Amino acid sequence: MRLSDEQKRMYDGSRGPGVQKAMELLVALGKAFDAEEMIPVSRTHVALSGQEGDTYWCELLVNGGARAVVPPTTNPAWDTQTLTRHYDVTPGELDLALRTVDVYRRIGAVLTFCCTPELAGNVPTFGEHVAFSESSATPYVNSVLGARSNRESSVSALASAVTGITPLYGLHFRENRLGTFLVDVEAAPKEAYDWGLLGWYVGKRVGAQVPVFRFRNLQGRPSPEALLYLGAELNTSGAVPLYHILGVTPEAPDEAVAFGGHKPAGSLSVTDRNLEEQEAELSEKGGKINLVMLGCPHYSYAQLRELDRLLAGRTVSVPFWVLTSGDAMELARRSGELARIEASGARLVPDTCIDEPCWKSFEGGLGVTDSPKCMYYRERRGQPFVIRRLGECVEAAVKGEI
């Protein structure tokens with residue numbers, strides 16, 4: 001790998017042991033993917049997770065003198081101020097959460113604690129080279145915004161934040177961004193929920209290819225939330241950091257451009273029946289529930305407004321948690337939705353991920369969510385879920401069963 005003089009100084013330790021560790025990781029990553037050189041990045045996002053491995057890595061860098069030269073926005077861990085009032089957490093869990101906040105502050109991160117930075121606060125432009133981790137953010141910046149990022153881990157994205165560079169491979173090259181698989185969509189997705197089911201269904205079948213979606217019955221331009229859910233589920237059931245939608249996303253005005261004149265390696269047709277079957281396959285059997293959990297990815301302000309409309313003065317009978325960004329929650333506070341939602345018994349919580357130990361009191365009971373990604377992570381922690389669209393989630397919360 002060719003390194004500039006400054007990159008060699010980072011690699012040999014002249015810029016301190018923290019920067020050296022970051023550089024060693026990026027060089028190893030580049031060698032693994034046959035990268036010949038490094039390129040600058042203008043933005044970074046770190047999916048910090050609030051778990052020991054990620055926090056240890058950040059401590060290793062910052063205690064070695066490293067500071068972010070491209071300050072990263074950060075994923076959520078969990079909001080200790082809110083959730084310690086409601087649930088028991090161990091001293092070790094609380095200590096880890098506080099260590100995480102402290103060390104990312106010391107390295108110079110922008111503490112957004114939000115998994116949708118590309119919707120507000122860290123929005124790349126077309127062609128911009130960035131290093132984004134987070135399984136919902138990477139597909140959005142690549143596909144919808146046309147920026148360029150590989151499917152980074154939290155540790156590689158933080159290394160890029162510290163050094164300002166990333167190995168030149170993969171999706172940083174135009175030829176690797178061309179579509180490889182055609183998805184012919186006969187279904188007519190309406191809500192973001194439908195787009196999430198579509199993403200899960202397709203992701204399982206395309207693996208790490210670049211799908212190009214051709215819609216037969218698309219009703220208007222999909223919302224940002226719809227595109228966010230599509231990418232989140234593609235990159236959870238599969239490994240898809242880039243997709244194209246003909247006539248919608250910027251690198252796919254038509255099939256010729258999307259595929260670069262090549263024939264797709266494979267194709268798939270998706271019907272409404274396929275999505276109905278996918279919902280049934282993902283969901284546990286219904287019954288009494290002990291939790292409704294929304295916000296994976298974090299709910300946008302538009303989604304909070306829709307939740308407010310659906311609740312409409314009703315009262316929920318089970319714990320109902322809605323995870324959202326700090327800025328969306330502040331807008332809801334200013335505009336009145338927060339007070340109305342919480343009057344129903346539902347609760348908004350910022351800065352928090354569904355995949356955290358603070359939710360362990362619900363494990364074993366049946367939950368309801370509108371996110372297959374939420375289901376996937378929570379079931380790994382021992383809680384079965386039923387997947388339903390938002391309106392049905394609200395009904396379940398009021399009745400206490402699904």
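**Close-up views: pocket lining and helix packing**

**View 1. Strand β10 in the lining of the largest pocket.** β10 supplies four residues, the largest share of the lining of the largest pocket. The model is predicted: local features need pLDDT of at least 70, side-chain atom pairs count only at pLDDT 80 or more, and totals for chains, interfaces and linings use all residues. Residues are numbered from 1 along each chain as its sequence is written, and side-chain values use heavy atoms, without hydrogens and water.

**View 2. The largest pocket and its centre.** The volume is about 520 Å³ (space filled by probe spheres set on grid points joined across faces, edges and corners). A pocket is an open set of points on a 1 Å grid over the protein atoms alone, where a 1.4 Å probe fits, with protein on both sides within 12 Å along at least five of seven lines; lining residues have an atom within 4 Å of a point. There are 29 lining residues; Ala 47, Asn 75, Glu 134, Ser 135 and Tyr 377 are the closest to the centre. β10 (291–299) and α15 (372–380) are the elements that give two or more residues (DSSP runs: helices H or I, at least four residues; strands E, at least two; numbered from the N terminus).

**View 3. Packing of helices α2 and α7.** α2 (residues 17–32) and α7 (residues 154–163) pack at about 120°, axes 9 Å apart (lines fitted to C-alpha atoms over the stretch in contact; angles run from 0 to 180 degrees between N-to-C directions).
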